[in-house]
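Me: I would like to learn how to read salt bridges, helix faces and surface patches in a structure. Could you take me through them one at a time?

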Amino acid sequence: MSLCGGSGPAAAPRLRPRAAQMARRPELLCGAAIVLGCAFLVALKVTCRVLLPKVQVLKEDEAREEIQRNHSSCRAKDVTMPAKLPVNFFSTRSPVIDLFRGQLDYADHLRQDSEIVLYFFYAPWCGQSIAAREEIEHVASRLSDQVLFVAVNCWWNQGKCRKQKHFFYFPVIHLYHRSFGPIEYKGPMSAVYIEKFVRRVMTPLLYISSRSKLLDFLSNYEPGVLGYFEFNASPQPPGYLTFFTSALHSLKKDYLGTIRFGVITDKHVAEEISLVHSGSVYLHRHVNTSLIYPNDIMNYTAENICKWALENREMLIRWLRPHGGKSLLLNNELKKGPALLIFIPYNPLAEIHPLLDEITKVALEYHNCNKSQAAEPDLQHLGDTDSPAFDSSVPDAHMKLPETFSITKYPCCNTVVLPQWHSISRTHNVCELCINQTLGVKPNKVHVPHCNFLEIEAALDSFYLQEHTFFQVISNTIECSNFLSFYSPFSYYTACCRTVNRHFLSFISSEKTIFQTPKVAFSSHGKKDNTQHSIPHIEDRNCFIPNLHISGINITGLSCRTNKTLNLYLLDSNLFWIYAERLGASRSTHLKEFAAIVDLKEEVHYVLDQNQSLVGSALENFIKNFSILYSPLKRHLVDDPSVHFHEQRVITEVTTNTFHNTVFLSEKNVLLLYYAQWCGFCASLNHVFIQLARLLPPDNFTVARIDTTRNDLPWEFMTDHLPTILFFPHQRKEQSVKFPEDFSVNLPNLLKFILHHSSLSSSEPCTKECLHKETVLQQGHISHLEREIQKLRSEISALHQAHDQLEAQLSEARREEHRLQQQKHTLEKQHKTLQLHSEQLQATYDQKNQELLEMAEKLQELADASENLLKENTLLRILVASREGKLQSKDEIKEPLQSEQTLSEDNDVSVSTATATLEEKRIDNIDTIETEHNSGNRTE
């Protein structure tokens, strides 16, 4: 159906006249278009009126549902913006394939064609991912010909990695060995460690074909698992693939790679460790008995072999690798007991580690409770001698001790530094106790080791209980006596005592005491040294007892002969030197080697002298000094080296090294504040102590503070509550007083507390001189306070004057403000009037502008009409001229008069007909000209 309601050929004849008429008169077409537009608007308005109620109802329902959703969610709708398109994380020249759009499916496709694949999942914004990028590139540059390195952006929200993987941290490293994986790497993000782990995944098994390789494998400090397989009949004998997979399982569960897996390919080499049947698995242990996998009890699967090895492994030394964030790793290890932390620079890719070998030897000796070394080929490989340090039994022959110093061939001795309360200390202060089981009444055969820990402990207890006194004057000569042990009737011990001078270096003699002879000073390993040193250790015994060697106390099996067994831990100083500095290591040292014993239960730690080289003998002496009953080691007090002292500071900053001089050696009353950086209430007291320090006379009082988190003090001066305030009165520093906790810490309370405790106690008798000094001191305090009060009064008067001046300035400012407010109101009224005038002028302008537009349109219409009239006038003139020409021609050829009448009648008829015809042509011409003119206007 057509738009006009007609259809087909029937409607065509009716439309043609209308179309021709519209062509002749274009204004009819415009009028028709206007009429149709008005009709459309009317129809639309009627439709909207009908649909409006329904739409309003729908909008109300939607609004009600939206309100309900908002109330249910109780939060505003999230406003998000589209994420930016990801870009390359690795450079285009990098050997790492960078899938920065998270194409995990393409990564899996790449893995199918490679034997070893490393996936590096990262987030572009992650700082740790950015830091690890260079390390991964370094490893890839070395192993790209053997390992495929693929980096995947797991943060792009449109990538498959983000949709399929849900990581809680970045970066994440996964390794695949053919179809086995993923094996996640959780070690340090360092290139050498990552490369070491990748190489472990590449070659999880070490192939052992000779006895020398077997000894090298067994001599390592890491636990070892060996499998014996005969490769003669088949390239893959039964059980080999299972054992190979178990090695990969161990890397998956133990990312540190502490268990080494090896395969023995020679039958004679396998017989060295009692492996006879192919497929047998052997777990080597240094101290305890080695084990063979029980095939009759457990199924021979990769998971069971790995589980069996992890459960039965022997860890003599453990590596600690804190990840740097919040963790309980160190706390869980230190809670197990005293720990020896050894910091050494370690390169996992190095083939030899001499220092690590020495530490391993010490650890093996320390845990080797079975003194028979025949079953330890690894100890022989490390260079131990076959003969033990001492005989296993006591000789039957009696030996007589002369009156002068003499001991048995292989004695068991211990150095005793006598406390001040002991009676012998009046004449001697260092004694050497040596067990002698060959004297006195004894059974026929005594088969006890010479160096028995229980015997030396009994000798120490007996020596202290006897209170035996050498009735000699103090001298540097060695005096020896024999004693019968109270606890063992078959044992005698020899006590050889001497005297060394004491010098107090610190505020407590028990904390800082040195012993020095007139000729030499004691130092480690018995060397002469001009510098002051601590008390003599076990290794210093040969300084004052000649012909006595340190081999008298052997470290072999010491962990089983003491109740202070140490757990040995290794840390890479290249990564974790900050922990060593916190324990007391020097920050300026170039050689990052450090050892410390941390006893969490006793809340103490000891530091190996950093002037010594970290070698096996130094570690042995350090362990022996800690293990003896009365350890001569000193508790190490950590000092904060970052404190810079300023002479003009109001509050004195105290550290561990300056505590004694500032508090005890000072001739002033000292008020000490214990604080910490994390203590918010401590920080709020700073202004109170600054005011107090300015009020108190600096000649008699010192206000100081100490950061307890960075400085250690002797136990009697430590506190577990912050903030804590202690007052040390002058000449009575031992009678320190704590500020009451139930008092508020403000300036008046602190002044009352200080003035009350700075005077002498009433319970002590005081002479006239003492009273005079006290009166002078009090008068000095009073005069100082009066001067301070006078200063305060002058400051108050100055403040009053300033207050009056401020009041006058404020009143003037208020008057000025009132005047400005009035001016503001006047200007606002004027502004409103001008704005009204402006609106009126704008309306007048708009009206005049509209009138001008209308007049312009009318003038345009008149111009168009005049132009049309001129055209019509020209046409009429042409027609009249042509008409006159025709009439003249007709007059010249007239017929005679008779026929003129007839012809005149005919001519009248023809003239009228011609005139009508000309008029009709003129009208048609005018219509044609108007049509062309209108079309031209429309075109313009």
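Reply: Let us begin with salt bridges, keeping in mind that this is a predicted model; the structure holds 13 salt bridges.

Me: Which parts of the chain does the pair of D105 and K160 link?

Reply: The side chains of D105 and K160 meet in a salt bridge, at 3.3 Å from N to O. This pair links distant parts of the chain, since D105 is in helix α3 and K160 is in helix α5, 55 residues apart.

Me: Where do E195 and R199 lie?

Reply: The general idea is that an α-helix has 3.6 residues a turn, so residues three or four places apart point the same way. Here E195 and R199 both lie in helix α6, four residues apart, which is about one turn of the helix, and their side chains meet in a salt bridge of 3.0 Å, N to O. E195 is buried, with a relative accessible area of 2%, whereas R199 is partly exposed at 33%.

Me: Which residues are buried in helix α19?

Reply: In helix α19, which spans residues 686-695, the buried residues are V688, F689, L692, A693 and L695. They lie on the same side of α19, because they cover an arc of only 160 degrees around the axis.

Me: Which residues make the nonpolar surface patch, and which gather in a patch of negative charge?

Reply: L755, L785 and I789 make a nonpolar surface patch of about 220 Å², while E851, E854, E857 and E861 gather in a patch of negative charge on the surface. L785 is in helix α21, and E854 is placed in helix α21 too.

Key: Residues numbered from 1 in each chain as written. Predicted model: local features only at pLDDT ≥ 70, side-chain atom pairs only at ≥ 80, totals over all residues. Heavy atoms only, no water. Patch = residues over 30% accessible without salt bridge, like charges linked within 9 Å, V, L, I, M, F, W, Y side chains within 5 Å. Areas by Shrake-Rupley, 256 points an atom, 1.4 Å probe, with all protein chains shown as cover. Salt bridge = Lys/Arg side-chain N within 4 Å of Asp/Glu carboxyl O. Lys, Arg positive; Asp, Glu negative; His and termini not counted. Charge placed at Lys NZ, Arg CZ, Asp CG, Glu CD. Helix = DSSP H or I, 4+ residues; strand = E, 2+ residues; numbered from the N terminus. Buried < 20%, exposed > 50% of the residue type's maximum accessible area, 1.4 Å probe, protein only. Arc of directions from axis to C-beta.
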